[in-house]
Amino acid sequence: MFAKVATDAALDKTFDYIIPPKFESKVMAGSRVIVPFGKRTLEGYVLATTSTTEYSGKLREITEVIGDRPWMSNHILKLVSWMASYYMAPIELCLKAVIPAPIRNTNKGDGFQSRLYIESLIEDEEELANRSDLKLTERQHSLLSALFDEGAIPLAAFAEAQKTTPSTLRKLEDKGIVKIFEKTERRDPLAGKNFLPSKPLPLTEDQAKAKKIISDSIKQACDIEQPPPKPILLFGVTASGKTEVFLQSIAEVLAAGKSAIVLVPEISLTPQTIQRFASRFGKITAVLHSKLSNGERHDEWHRIYTGEARVVVGPRSAVFAPVSNLGLIIVDEEHEPSYKQEEAPRYNARDIAVMRANYEHAAIILGSATPSLESWHNTQNGKYIIASMPNRASKQMSKPNTIIVDMRLEALGKQAPPVFSKDLIDAIKRRLTTGEQIMLFLNRRGYAPHVTCPACGYTEECEDCATGMTYHIDDGRLRCHLCGIEKTCPSICPKCGSENYRFTGIGTQRIEAIAKKLFPNAKIQRMDADITARKHSHEEILARFRAREIDILIGTQMITKGLDFPNVSLAGILNADSALHIPDFRAGERTFQLIAQMAGRTGRGLLPGDVYVQTQTPEAPAIKFAATENFEAFAAQELNDRKELDYPPYSRFICITLKSESNDAVCAYAETLANQLDKIADGRYRVLGPAPAPLERIKKYWRHQISIFTNRTNLVLAYLKEIQKILPPPNGVSIAIDNDAMNTM
Ligand code: ADP
Ligand code: ZN
Ligand code: ZN
């Protein structure tokens with residue numbers, strides 16, 4: 001027998017090896033093996049076993065098999081190979097995404113952690129008294145007595161407490177009166193947290209209707225005679241109670257003996273989210289996220305792999321969780337761009353989830369209050385089933401009110417529009433007097449994104465990136481938000497010596513400073529990446545906000561999603577135009593989502609909620625429709641526009657980004673590549689560009705883009721593969737192909 005092996009080395013290729021007879025029963029597709037490679041040995045995975053080989057040279061043998069059973073099921077292997085071809089990524093990178101390093105690197109000291117335990121084999125003083133054969137010293141006697149009634153306890157800790165050494169204790173073991181043994185210690189990411197068990201709530205009418213649709217789908221998933229169920233789009237307004245529907249759907253799947261995966265955007269993987277699942281399902285819940293230690297990640301993975309954990313909650317990488325008997329995948333906030341990985345393999349976890357569910361005959365729910373237009377379109381063309389929840393879960397919760405503030409009017413008679421409109425200031429003041437809480441959003445951290453000298457026009461720019469340096473007032477430094485380079489802000493203009501630096505534009509720090517002046521008695525807290533870089537500070541701030549120790553929470557994206565604070569009755573979007581003016585065909589969609597999600601943070605308790613949207617373009621459709629909270633009308637108009645322009649979902653979008661330290665080299669190659677693609681297009685796809693990327697230079701690299709819109713993705717991918725062989729990028733130019741790209745910057 002032969003095995004096709006993909007090694008961990010970056011070779012983007014598989015190699016044939018002989019399976020020696022002693023391993024024949026053990027080596028299967030998905031096995032992890034060690035193989036000789038040139039003069040080295042490498043680890044890798046068996047992707048398939050065959051009885052023949054096309055390789056005519058001398059084949060070598062697999063030298064070792066790691067683990068007792070395959071690390072990946074056939075379904076996962078199929079997913080890996082689909083991912084490698086659809087996202088044009090080397091197979092070994094896809095395998096690494098599926099089985100992350102802490103699980104792979106068992107030979108590097110990772111792996112299970114075990115501890116030595118000690119336990120007395122003699123019950124009590126009475127039993128000891130009957131053992132005249134023992135002849136214990138006084139010290140040994142007292143050590144043994146200290147173990148009575150203790151059960152098994154960690155050896156090291158016991159030795160320390162008794163001021164003795166493990167070797168002294170070993171002497172008791174030699175006498176056969178204590179047992180010393182190794183036990184695997186689980187590193188539990190939820191250790192020390194107590195979750196009160198929660199019970200299913202009686203469903204609202206909307207929830208019950210949605211649940212019925214989902215139950216039918218789960219039944220279909222459990223019946224292998226039937227085709228795999230279609231994905232369900234759970235379109236539920238904010239606070240409609242999607243989570244309760246998820247929980248009850250999972251319970252149904254568990255009752256059928258199956259497992260479930262819940263994907264949430266990393267940013268909404270808050271303690272509250274984890275609590276909702278852990279409270280309902282207890283120990284069978286596994287949590288995966290980026291803040292876990294390697295040990296925790298390793299142990300959680302194995303709890304899933306052995307079937308001990310049957311509910312997995314995690315961000316995009318959790319879509320590969322090694323659950324067996326998968327019954328359901330849930331993708332919460334399915335529209336979130338963070339499901340897309342920005343480096344190779346550039347996969348979208350939502351789309352991988354849809355594929356995986358199909359391969360494994362599982363049900364799948366995509367949930368959102370503001371679905372992506374791709375998923376929405378799929379409900380219209382019959383590929384997905386829709387389940388709608390148009391009302392909030394409780395009758396006491398009213399729909400949030402959206403108030404559009406025209407900042408052009410605010411700017412009348414002034415040099416520039418103010419940061420806070422008069423209406424917003426009044427609204428905040430009203431909440432402060434009644435003790436209600438407020439959230440303010442701005443998608444820019446730092447104090448001021450532009451630092452210029454009014455005397456000579458000099459601007460502080462990053463040397464390595466095409467962007468200005470942002471001023472941070474807490475430490476007086478300038479930072480580039482693209483590459484992270486920082487320096488002290490000069491006190492005089494380096495060009496003309498003027499002392500009058502001007503800080504323009506606004507970041508969260510500036511909002512904080514202005515808010516402190518406007519509302520001197522309010523307790524104000526900022527939350528952005530500068531603050532949450534400290535471990536636990538994210539959790540801490542949210543806990544203080546919940547305890548009402550904060551009146552006004554000012555933040556970036558991280559405050560817009562998934563948070564459920566019943567006392568928040570006002571949200572403010574300080575500059576809605578910043579999302580609207582990004583150079584991306586999804587700008588309108590993103591703006592609508594932002595407003596709806598921010599509105600969704602308010603009015604979740606007994607208080608009615610308002611969201612104030614400050615904009616200079618109130619007539620933009622995304623803002624107009626967001627004001628009436630009419631997703632369906634927005635989607636209809638947006639889809640109309642997209643259709644006319646042949647943008648997704650009516651075509652697929654492939655974004656090719658080329659970069660090099662030499663602008664000439666990257667320009668020339670981009671030109672050649674685009675011409676070549678265009679020449680053979682023959683109406684089967686559209687080529688736009690090349691053009692400088694919106695972020696034209698990052699970390700010394702010049703960046704150019706070619707955009708392709710097509711309904712023949714596979715054909716274009718095949719062409720791209722061919723063209724790269726015939727016309728490989730010159731030295732120093734690299735190419736990134738992003739299929740179904742979400743980020744065009
Ligand atoms: P969504 O995820 O749709 O924004 P949530 O799941 O956060 O909404 O639910 C909003 C609020 O409604 C939560 O406080 C939740 O506990 C409550 N809720 C959900 N379902 C019910 C129900 N059936 N009965 C009473 N309260 C509910
Ligand atoms: Zn100057
Ligand atoms: Zn930079």
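Figure 1. Helices (H or I, at least four residues) and strands (E, at least two) are DSSP runs, numbered from the N terminus. The structure is a predicted model, in which local features need pLDDT of at least 70 and side-chain atom pairs count only at pLDDT 80 or more, while totals for chains, interfaces and linings use all residues. Residues are numbered from 1 along each chain as its sequence is written, chains are lettered from A and ligands numbered from 1 in the order in which they are written, and side-chain values use heavy atoms, with hydrogens and water left out.

Figure 2. Two strands pair if DSSP finds at least two bridges between them. Strand 17 (residues 437-441) is joined to strand 25 (residues 568-573) by 5 bridges, and the two run parallel. Strand 17 also pairs with strand 24 (residues 552-555) in the parallel sense, over 4 bridges.

Figure 3. Buried means under 20% relative accessible area, exposed over 50%, and partly exposed in between (1.4 Å probe, protein chains only). In a regular strand the side chains alternate between the two faces of the sheet. Here Q437, M439 and F441 point one way, whereas I438 and L440 point the other way, and all are buried. L440 has G572 as its bridge partner in strand 25 and I554 as its bridge partner in strand 24. M439 stands opposite L553 in strand 24.

**Figure 4. The site of the zinc ion (ligand 3) is tetrahedral.** The protein donors are the SG atoms of C462, C465, C480 and C483, at 2.2 to 2.4 Å from the ion. Donors are N, O and S atoms within 2.8 Å of the metal (3.2 Å for Na, K and Ca); water is not among the atoms, so sites may look incomplete. The angles among the 4 donor atoms are 107 to 111°. Four donors count as tetrahedral if all angles lie between 85 and 135 degrees; four count as square planar and six as octahedral if opposite donors are over 155 degrees apart and all others between 65 and 115; anything else is irregular. Along the chain, the donors follow the spacing C-x2-C-x14-C-x2-C. C480 counts as buried because its relative accessibility is 2%.

**Figure 5. The site of the zinc ion (ligand 2) is tetrahedral.** This ion is coordinated by the SG atoms of C453, C456, C493 and C496, at 2.2 to 2.4 Å. The 4 donor atoms make angles of 105 to 113°, and the donor residues are spaced C-x2-C-x36-C-x2-C in sequence. C493 is buried, since its relative accessible area is 2%. C496 counts as partly exposed because its relative accessibility is 40%.

**Figure 6. Backbone details.** Most residues other than glycine have a negative phi, and most peptide bonds are trans. The peptide bond from P648 to P649 is cis, with omega near 5°, and P649 is located in the loop between helix 22 (631-645) and strand 27 (652-660). G689 and P690 are also joined by a cis peptide bond, with omega about 15°; P690 belongs to strand 28 (residues 685-698). Although D149 is not a glycine, its phi is positive, at about 70°. D149 occupies the loop between helix 5 (138-147) and strand 7 (153-154) and counts as exposed because its relative accessibility is 79%. K699, likewise not a glycine, has a positive phi of about 50°. The loop between strand 28 and strand 29 (701-710) contains K699, which counts as partly exposed at 48% relative accessibility.
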